[in-house]
Amino acid sequence: MLLELRDLQVSYGDIHALEGVSLSVAEGELVSVIGANGAGKSSLLNCLMGIVPARGGSVTFQGKDVTSLPVHERARCGIRIVPERARVFPRLSVYENLLTGCYGIRNSVGLAGKLEWLYSLFPVLEERKSQLASTLSGGEQQMLAISRALIADPKLLLVDEVSMGLMPMLVDKVFEVLSMLNRDHGLTILLVEQNALASLGISSRSYVLETGRIVLEGPSGELLENPRVREAYLGL
Amino acid sequence: MNDYSITILTFIAIQAIVACGLNVIVGYAGQISLGHAAFFGIGAYASALLTTKGGLTFWTALPLVILLTGAIGLVLGMPSLRLREDFLAVTTIGINFIVESVFLYVPFFGGALGLGGIPSITLLGTRLRGPNFLYLCLVFLAAVLFISRRFTRSWGGLACFALREEETAASSMGVSPIRFKLLAFVLGTAMAGLGGALYAHLMRFISATDFGFTLSVSMMSMVVLGGIGTLWGPVLGALILGVLPEVFRPLIDYRMLLNAAILLLMIRFQPAGLLGEGSLLRRLFRRPGRDSAHE
């Protein structure tokens, strides 16, 4: 297993956001975690990245226990996150935002080739490369955040609510890109989403998170047929 | 130019050097510091002691002074920079008061009498005075601006900007927050040390009260007024705040009031400073097609 979470717990004061979550992601998989608002999805990814501390349990990446590593060292292990609401650097240009992505590993990624590839994925980024990131639309900022994570050649890509606040056409486009990255480039992705239909559609396996616990897991195709999922998350 | 204006300009050049250092910390790395005068003082005292008691010349002492001030910046920055925003502001104010008290109460630093008899700077056998001292300060100011500019174009600078904008996102890119905040802090305090050394040899007498909290606030005002995070902002800020009290000489007693009023007006109408992004001056003189993210 590339990534293994065992009994992960997160709490903010007295509020328990995660109450013992265990999940795993194998190399080359696209796994999704679906759940409603406040189910603990973002806490899960943030804890995995090291942004919020784990109160209990462990995170193992490539067989190495990373539970106590700070954020920047996990990033160096090859974990990258596309944060909720993109979190691009507003007063840096699009190009500089991309550069920050390969901080410390610039020689090994082959910057020029990577940029060309990313610009072909998202041509709008090339058009706006010298604009400040704050001038981009929400969708463009998401594309920038994805590219900033991809430029580092991550071993594991974490994607936090990428569909939030995007118009449906863009959601399709972004999910298509993620699916293509997984299929054609073998990129391992862990996707956390409120948009259950789209994420079940592109992932091979999924977990359903409810109030800090995993309540269902299995191949995404089966979950799509599960009556509980259909009723609660697909509105069918 | 008469002696009077040369003296004023020399002060302004020194303050601009120190303000540029503060700008690296506050403007580039986004870490508030309200104790910058402490490092200005450390530079001044270090140079004064090394040249009077240590028997060095200004020139042999200078590299030591810069290294020492940067090293003290590193030591004081390590615990402080783990804090954020308001807590960091309060801690840096504390640093300022502690350093000032050490100068004031430890006999080694001359106590309340201060340190006198600091030698003038000589270059190629001649004593630097008047305009020559000003030229020397301007050369150092140019060097400081050059280093600042190089820093903004470097990977370390980019890492600092990223931290300033979104600390969590930056660390998720592999940027170690404490490492780059410290880098900016050391660079900024070393520049203050350089300014302090020049100040000590200009005045030839220094005392603890020269480096109080009020000066830290003035430094911050210069940076905010000129344009926080811009290259030339601190220089413009130092120039305006240095010249105004001289032009409005009758108002000299109300100097702090004037500074406060300027600061409030700036924050209300031009929060990015005179040279900041989207400011009036910048819009007037914008060169078309040029990216001005952090110039």
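The questions and answers below concern a predicted model and cover a sheet in chain A and helices in chain B.

User: In what order do the six strands of the open sheet in chain A stand?

Analyst: The sheet is open and its pairing is mixed. Neighbouring strands are turned by 15° against each other on average, direction ignored. The order is β6-β7-β8-β3-β9-β10.

User: Which strands of this sheet in chain A stand at the edges?

Analyst: An edge strand has a single partner strand, so one side of it is left without a neighbour in the sheet. This applies to two strands of chain A, β6 (79-82) and β10 (213-219).

User: In which sense do β3 and β9 of chain A pair?

Analyst: Strand β3 covers residues 30-34 and strand β9 covers residues 205-210, and four bridges join them. A:Val31 has A:Arg205 as its bridge partner, and A:Ile34 stands opposite A:Val208. The sense of the pairing is parallel.

User: Which residue in the turn between β9(A) and β10(A) has a positive phi?

Analyst: The two strands pair in the antiparallel sense over six bridges, with A:Arg205 opposite A:Pro219 in β10(A). They form a hairpin with two residues between them. The turn residue with a positive phi, about 35°, is A:Thr211.

User: How far apart are the end C-alpha atoms of helix α8 in chain B?

Analyst: Helix α8(B) has 27 residues, 177-203. At 1.5 Å a residue the helix should span 39 Å, and the separation of its end C-alpha atoms agrees with this. That separation is 39 Å.

User: How many of the residues of α8(B) are buried, and which residue follows the helix?

Analyst: Helix α8(B) is mostly covered, with 20 of its 27 residues buried. The residue after the helix has a positive phi, near 65°, and is B:Arg204.

User: Is B:Gly157 buried or exposed?

Analyst: B:Gly157 lies in helix α6 (residues 155-165) of chain B. Its C-alpha atom is separated by 8.5 Å from that of B:Phe180, 23 residues apart along the chain. Buried means under 20% relative accessible area. The relative accessible area of B:Gly157 is 0%, so B:Gly157 is buried.

How values were computed. Residues are numbered from 1 along each chain as its sequence is written. Chains are lettered from A and ligands numbered from 1 in the order in which they are written. This is a predicted model: local features need pLDDT of at least 70, side-chain atom pairs count only at pLDDT 80 or more; totals for chains, interfaces and linings use all residues. Side-chain values use heavy atoms; hydrogens and water are left out. The expected span of a helix is 1.5 Å times one less than its number of residues. Buried means under 20% relative accessible area, exposed over 50%, partly exposed in between (1.4 Å probe, protein chains only). Two strands pair if DSSP finds at least two bridges between them. Axes are lines fitted to C-alpha atoms, for helices over the stretch in contact, and angles run from 0 to 180 degrees between N-to-C directions.
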